[in-house]
Amino acid sequence: ISTVFPSSVGKITIIHPGTSDDFHPRGASEIEPVRRKYALPEKYWLSVATIEPRKNLKNLLLAYARLSLDIRRKFPLVLVGTPGWLSDDLEPLISPLEEDKTVIRLGYVPQTDLPLIYCGADALLYLSLYEGYGMPVAEAVRSGIPVITSEVSSMPEVGGNRAWYADPDSVDSIVSAMRAMMASPDSLSPFVSSHRASPFIQSWADSARQF
């Protein structure tokens, strides 16, 4: 900002958004009621995004479909998010994966259930093309689960050292990140939870104190 608008120096304070304190690691007994409510499997990968082109679900689904059927059945992909613009274009990709029961589409999920759905997941896959922040990445980090996200825009700032990164424009890169995560000894175990893993992740109370 100071480079483009030098007169703004000393006049502008950047305050990053917060994430709800509801996003934190949970035990299996706490997760179980929500798992039963949505008929979720014991293991799954999670996508939380409005179904629209910017969220890049097309490349995520193309990459996921390249994995073997055994892997996809071990880690079904759960899609949380309402349809947005041009969402119909994804139907030819989603429908075959739903038919073989490797994609589970939940649509809208109440905010009260979402933190538990995060905690039940083995990883968040969020390959958006660009974000002003990347709230699902922050929520996943605070929930203590691994993340695969885009190496562009704001996502690396939010993901910090808690995420695996891929080129969102490259299906090959996304597949490589998935395989690298699975090959890592700790890839599908929750990272040590700390919402301080990135200086850009904080609670709403922390954000409010900066005003």
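Let me start with Leu116, which is buried at a relative accessible area of 11%. Buried here means under 20% relative accessible area, exposed means over 50%, and partly exposed is in between, with a 1.4 Å probe and protein chains only. Leu116 sits in helix α5, residues 114-120. Helices (H or I, at least four residues) and strands (E, at least two) are DSSP runs, numbered from the N terminus.

A word on the source. This is a predicted model, where local features need pLDDT of at least 70 and side-chain atom pairs count only at pLDDT 80 or more, while totals for chains, interfaces and linings use all residues. Residues are numbered from 1 along each chain as its sequence is written, and side-chain values use heavy atoms, with hydrogens and water left out.

Back to Leu116. What does Leu116 touch, not counting residues up to four places away in sequence? The list is Arg26, Glu30, Ile31, Val34 and Tyr44, where contact means heavy atoms within 4.5 Å. Leu79 is 37 residues from Leu116 along the chain, and their C-alpha atoms are separated by 14 Å.

For contrast, take Lys74, in helix α3, residues 69-74. Lys74 has 49% relative accessibility, so it counts as partly exposed. From Lys74 to Gly18 there are 56 residues in sequence and 33 Å in space, C-alpha to C-alpha.

Next, the sheet. Strands of a sheet pair through backbone hydrogen bonds, either parallel or antiparallel. In this model 6 strands form an open sheet with parallel pairing, in the order β3-β2-β1-β4-β5-β6. Two strands pair if DSSP finds at least two bridges between them. Why is one side of β3 (103-107) and of β6 (163-166) left without a neighbour in the sheet? Both strands stand at the edges, each with a single partner strand, so one side of each has no neighbour. From one strand to the next, the twist averages 25 degrees.

Look at β4 now. Strand β1, residues 45-48, runs parallel to β4 and is joined to it by 2 bridges. Trp45 has Ala123 as its bridge partner in β4, and Leu46 has Leu124. On to β5: 3 bridges join it to β4, again in parallel, and Leu125 has Ile148 as its partner in β5. Ala123 and Leu125 point one way from β4, Leu124 and Tyr126 point the other way, and all are buried.

Helix α6, residues 135-143, lies across β1, β4 and β5 (147-150), and runs at about 170 degrees to β4. For that angle, axes are lines fitted to C-alpha atoms, for helices over the stretch in contact, and angles run from 0 to 180 degrees between N-to-C directions.

Last, the spaces. On a 1 Å grid over the protein atoms alone, a cavity is a set of points where a 1.4 Å probe fits but cannot get out; a pocket is an open set with protein on both sides within 12 Å along at least five of seven lines; lining residues have an atom within 4 Å of a point. Grid points are joined across faces, edges and corners, and a volume is the space filled by probe spheres set on the points.

The largest pocket has a volume of about 260 Å³. Its lining has 16 residues, with Val48, Ala49, Val80, Gly81 and Leu114 nearest the centre. Helix α6 gives the largest share of that lining, 3 residues.

How many cavities of 30 Å³ or more are there? The count is 1. The largest cavity holds about 40 Å³ of space, and its lining includes Ser47, Lys55, Leu125 and Tyr126.
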